[in-house]
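Subject: Structure handover

Dear colleague,

I am passing this structure on to you. Please look through it alongside the notes below.

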Amino acid sequence: MNRRVLLLITNALLLPLGCGGNDDPSGPGNATLVITTTSLPNATATVAYSETLVATGGDGTYTWLATVGSLPTGLSLTTSTGLISGTPSAVGSQTFTVQVTSEDGQAATRQLTITVGPPVLQPSELCSGHPDYAIPTFEDANLEVAIRAALSVGAQEDLTCGLVSGLTRLSAQDGVGAWLLI
């Protein structure tokens with residue numbers, strides 16, 4: 001009698017594991033494929049970028065593609081890993097759609113955006129060798145104020161290397177106290 005009870009319990013426990021049948025398009029044991037990456041971090045022009053897209057479900061073997069739009073210039077998507085990497089070369093925002101497929105036939109898509117901002121230079125870096133959209137910074141706040149005044153650039157506007165390159169010198173009356181050659 002104890003043996004029959006054990007068989008009944010065993011059969012009862014197995015029954016729920018077999019539910020789902022052939023009506024489940026993902027197949028038995030394969031959860032629905034979903035791209036779990038919902039946003040991507042911003043990038044900086046001329047600075048290496050690396051971010052991996054993440055998905056769950058399916059059979060775990062994924063192929064990634066950018067299907068609509070394109071990644072920022074200089075970035076590429078590795079189809080076997082979902083790695084977006086490279087060095088972006090232009091400032092701006094790019095919206096694109098990625099698709100992931102798994103070997104069990106499932107597919108998922110998600111629209112993503114990468115915003116590429118200008119590089120921000122350290123106070124010790126000069127603008128030469130950097131793109132016009134690079135943003136210089138200054139250790140001396142008075143120097144920055146004098147440069148902004150000389151260029152008629154407001155405090156809220158980015159002071160870029162392209163703007164600064166038009167400035168050849170500042171005089172002592174500009175509040176700097178010495179000639180500044182750029």
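Predicted model: local features only at pLDDT ≥ 70, side-chain atom pairs only at ≥ 80, totals over all residues.

Residues are numbered from 1 along each chain as its sequence is written, and side-chain values use heavy atoms, with hydrogens and water left out.

Disulfide

Searching the whole structure gives 1 disulfide (a pair of cysteine sulfur atoms within 2.5 Å). It joins C127 and C161, whose sulfur atoms are 2.2 Å apart. The link of C127 and C161 is left-handed, with -80° about the S-S bond. C127 lies in the loop between β9 (107-117) and α2 (141-151), and C161 in helix α3 (residues 161-164), so the pair ties together parts that are 34 residues apart in sequence. Helices (H or I, at least four residues) and strands (E, at least two) are DSSP runs, numbered from the N terminus. C127 and C161 are both buried, where buried means under 20% relative accessible area, exposed over 50%, and partly exposed in between (1.4 Å probe, protein chains only).

Nonpolar cores

A nonpolar core here is a set of buried Ala, Val, Leu, Ile, Met, Phe, Trp, Tyr and Cys residues joined through side-chain atoms within 4.5 Å. The largest has 21 residues, and L40, L53, W64, I84, F96, V100 and I114 have the most contacts inside it. At least two residues of this core come from each of β5 (62-69), β6 (75-77), β8 (92-102) and β9. β9 gives the most, with 4 residues. Another core, of 6 residues, lies apart from it and includes L143, I147, V153 and L159.

Contacts (heavy atoms within 4.5 Å) were listed without residues up to four places away in sequence; on that basis, I114 touches, among others, L40, Y49, L75, I84 and F96.

T97

T97 sits in strand β8 and is buried, at a relative accessible area of 13%. Neighbours within four places in sequence aside, T97 is in contact with L65, A66, T67, V68, T109, R110 and Q111.

Sheet

An open sheet is formed by 3 strands in the order β3-β7-β6, with antiparallel pairing; two strands pair if DSSP finds at least two bridges between them. β3 (49-52) and β6 stand at the edges with a single partner strand each, so one side of each has no neighbour in the sheet. β3 and strand β7 (residues 83-86) pair over 4 bridges, and Y49 has G86 in β7 as its bridge partner.

Regards
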